[in-house]
Amino acid sequence: MILSGLRIVFGCIYHIWYYFLMLISICGLSPWLYSYSHKSSSFQKFYGFARLWSAWILNGMFLIRSVKYKAKIPWDRPYVIVANHTSELDVMYCYRLIKSPTVFIGKKELSKIPLFGFFFKRSSILVDRKSLKSKKNVLELSRQYLKRDIGVCVYPEGGIPKNENIILGKFKQGAFSLAIESGVDILPVTFANNRKYLPDFFKGGRPGIIQATVHEPINVAGMSKKDINLLSDKVHSLLLKELETYRKKDEDYR
């Protein structure tokens with residue numbers, strides 16, 4: 001009981017440190033973030049500073065990154081990034097993994113976070129999950145970004161599964177429809193244990209080794225709308241298999 005209580009207390013302090021790092025780093029980079037997020041033509045420069053920002057955060061939290069690339073990724077083109085969603089760390093980790101300029105689709109509530117929200121809404125696509133009109137607008141904005149050779153990152157589970165026993169939630173079809181319609185390859189990403197090191201505020205958190213796999217891009221050339229479900233199932237199976245492999249290795253080390 002005492003050990004569990006101490007773990008929760010340390011986890012809360014760790015979360016507070018995380019938010020402090022976020023505040024300090026954004027303040028330090030704000031002149032450049034503001035300047036380069038002001039015009040769409042300078043998004044590539046903005047993305048470079050965003051990647052630097054994420055490195056500061058992850059390093060400051062003493063999170064060591066262990067990344068497995070299944071193939072050599074050409075970073076001279078955009079992708080529709082499809083990843084599982086388990087933690088607030090997912091976006092920052094994606095910034096480090098994905099080297100080609102990419103925008104993230106995120107819930108509109110994030111834009112209300114002081115300071116962070118200001119830059120988030122200038123550099124991401126916001127969605128109101130309760131609004132069908134908003135969801136349609138997200139797809140249209142995503143198409144526009146892809147036409148400008150800027151990738152789009154989607155978490156097709158539609159949010160972080162509340163039940164921690166769910167390894168990978170059911171996928172929504174938007175990302176796969178977008179990729180096929182735009183002719184842009186899917187780049188699957190598996191986050192192994194972000195939730196373990198930064199779960200919800202009152203559930204702990206600590207430094208450690210965060211693991212991820214960047215899979216080989218999936219070519220969508222020649223696919224049509226009738227292939228959406230097949231593509232979705234393929235990516236879901238790929239991520240689920242990788243997550244189960246990570247879980248088995250974690251159990252073997254215990």
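**Salt bridges and a covered strand**

Arg-77 has a relative accessible area of 39%, which makes this residue partly exposed. Keep that residue in mind while we look at the whole chain. The model is a predicted one. The chain holds eight helices and seven strands. Of its 254 residues, 46% are buried. The accessible surface comes to about 13800 Å². Carbon and sulfur atoms supply 58% of that surface.

Now consider the contacts. Take those in the chain with a separation of 6 or more: 76% of them link residues 24 or more positions apart.

What does strand 2 pair with? Strand 5, residues 151–154, pairs with strand 2 in the parallel sense, over three bridges. Here Val-82 has Val-154 as its bridge partner. Strand 6, residues 186–191, also runs parallel to strand 2, and four bridges join the two. In this pairing, Ile-186 of strand 6 stands opposite Val-80.

Next, the charged side chains. Side chains of opposite charge can pair when their charged atoms come close. The whole structure contains seven salt bridges. Back to Arg-77: its side chain meets that of Asp-76 in a salt bridge, at 3.0 Å from N to O. Asp-76 is exposed, at 62% relative accessibility.

A second salt bridge lies within a helix. Glu-140 and Arg-143 meet at 3.1 Å, N to O. Both belong to helix 5, residues 132–147. They are three residues apart, about one turn of the helix. Both are partly exposed: Glu-140 has a relative accessible area of 35%, and Arg-143 stands at 22%.

Elsewhere, salt bridges that share partners join Lys-68, Lys-70 and Glu-242 into one network. Within it, Lys-70 forms a salt bridge with Glu-242, and their closest N and O atoms are 3.8 Å apart. Glu-242 is buried, at 8%.

Conventions
Residues numbered from 1 in each chain as written. Predicted model: local features only at pLDDT ≥ 70, side-chain atom pairs only at ≥ 80, totals over all residues. Heavy atoms only, no water. Buried < 20%, exposed > 50% of the residue type's maximum accessible area, 1.4 Å probe, protein only. Contact = heavy atoms within 4.5 Å. Areas by Shrake-Rupley, 256 points an atom, 1.4 Å probe, with all protein chains shown as cover. Pairing = 2+ DSSP bridges. Salt bridge = Lys/Arg side-chain N within 4 Å of Asp/Glu carboxyl O.
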